[in-house]
Amino acid sequence: MKQKRNLILVVDDEPHILKAVHYILDRAGYQVLAARDAEEALSLVSRDRPSLVVADIMLPGMDGYKLCRRLRHSHPDSLTPFIFLSARDSVDDRVKGIRTGADAYLTKPFHREELLAMVEAVLDRHQSYAEQIMNDDLTGLLNRSHILQRLEEEFARARRYRRPLAAAMIDLDNFKAVNDLCGHPAGDRLLRQIAQLLRGEMRKQDFLGRYGGEEFLSVLPETTAADGAILLERCRKKVAEITARRGKNSEGIPVTLSAGVTELAGGDKNLSELLDRADCLLYRAKEEGRDRVAVR
Ligand SMILES: [Mg+2]
């Protein structure tokens with residue numbers, strides 16, 4: 001998988017090396033940031049969150065090892081992919097580089113193709129780890145901690161720029177009956193099917209995660225509660241067409257969803273106020289008979 005839009009931070013005190021690496025990466029389609037020393041690198045990392053750092057070891061002031069160690073111990077950048085690009089080529093140097101926490105070590109003078117292959121391999125591997133960590137195994141949607149993280153980011157953004165933001169708490173009604181009567185494998189298949197259906201109804205900019213067993217949370221940027229409710233109503237109708245069956249001729253179990261949709265309000269100081277409101281609305285939808293969307 002090509003990741004040509006990644007931002008790469010290159011750290012080197014020698015201008016001609018910096019220029020050469022910058023040129024090679026830029027030509028390969030990456031976005032490139034340059035730093036002449038480790039202090040500057042650290043501030044660029046926290047400001048721009050690059051996808052990868054390529055750093056020299058011998059730098060004025062703080063050296064590359066220390067830079068790498070500092071990154072490895074700083075939240076939330078501790079998993080940032082890191083490659084050493086150094087003139088130090090003894091086995092001891094390489095071992096120290098890898099033990100410090102670098103993902104790869106390349107010596108100067110380097111070959112363009114080798115640098116690019118290394119960059120691509122490190123980025124690909126990191127990307128696939130990141131995806132595995134973020135996703136729920138069963139449904140492939142964002143897992144609970146990551147949908148909450150998206151909500152936190154969107155909440156902060158919407159508050160800062162005074163933009164609308166809606167959140168919806170979604171729960172499948174009587175799902176326990178499906179598991180009990182049709183078995184857990186059938187229940188799992190149904191969850192996957194509904195997750196896919198919901199994902200298909202959402203727009204590109206929306207986030208959807210599995211919040212609990214049969215509960216989903218969706219984060220809808222640039223959306224009011226009223227518009228969010230229209231979207232959820234569409235989901236509700238589609239899900240209501242699904243019937244779970246134990247066998248071909250057995251009686252079907254109707255599958256429906258209930259949802260609570262709310263939007264960011266001026267008085268919301270933190271995330272939990274928004275989440276609690278969505279939760280209360282979901283509860284109300286259940287109380288009023290399920291298979292409905294409650295909105296406020
Ligand atoms: Mg140097």
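Q: In what order do the five strands of the open sheet stand?
A: The order is S2-S1-S3-S4-S5, and the pairing is parallel. Strands are DSSP runs (E, at least two residues), helices are DSSP runs (H or I, at least four), and both are numbered from the N terminus. Two strands pair if DSSP finds at least two bridges between them. This is a predicted model, in which local features need pLDDT of at least 70 and side-chain atom pairs count only at pLDDT 80 or more, while totals for chains, interfaces and linings use all residues. Residues are numbered from 1 along each chain as its sequence is written.

Q: Which strands stand at the edges?
A: Strand S2 (31-35) and strand S5 (104-107) do; each has a single partner strand, so one side of each is left without a neighbour in the sheet.

Q: What joins S3 to S4?
A: Three bridges join strand S3 (residues 52-55) to strand S4 (residues 82-86), and the two run parallel. Val54 stands opposite Ile83 in S4.

Q: Which strands does helix H3 lie across?
A: Helix H3 (residues 64-72) lies across strand S1 (7-11), S3 and S4, and runs at about 180 degrees to S4. Axes are lines fitted to C-alpha atoms, for helices over the stretch in contact, and angles run from 0 to 180 degrees between N-to-C directions.

Q: At what angle do H2 and H3 pack?
A: Helix H2 (residues 38-48) and H3 pack at an angle of about 25 degrees, with their axes 10 Å apart. H2 and H3 are therefore roughly parallel to each other (angles under 35 degrees count as roughly parallel).

Q: Which residues meet there?
A: Ala38, Ala41, Leu42 and Val45 in H2 meet Lys66, Leu67, Arg70 and Leu71 in H3. Residues are in contact if their C-beta atoms, placed from the backbone, lie within 7 Å.

Q: Changing topic, is strand S6 buried or exposed?
A: Eight of the eight residues of strand S6 (residues 165-172) are buried, so S6 is largely enclosed by the rest of the structure. A residue is buried if 20 or more other C-beta atoms, placed from the backbone, lie within 10 Å of its own. Both faces are covered, with Leu165, Ala167, Met169 and Asp171 on one side and Ala166, Ala168, Ile170 and Leu172 on the other.

Q: How many bridges does S6 form with S8, and with S11?
A: S6 pairs with strand S8 (residues 215-221) in the antiparallel sense over seven bridges. Seven bridges also join S6 to strand S11 (residues 257-263), again antiparallel.

Q: What stands opposite Asp171 in S8 and in S11?
A: The bridge partner of Asp171 in S8 is Glu215, and in S11 Asp171 stands opposite Ser258.

Key:
Contact = placed C-beta atoms within 7 Å. Buried ≥ 20, exposed ≤ 12 C-beta atoms within 10 Å, placed from the backbone. Parallel < 35°, antiparallel > 145°, perpendicular 65-115°, else oblique.
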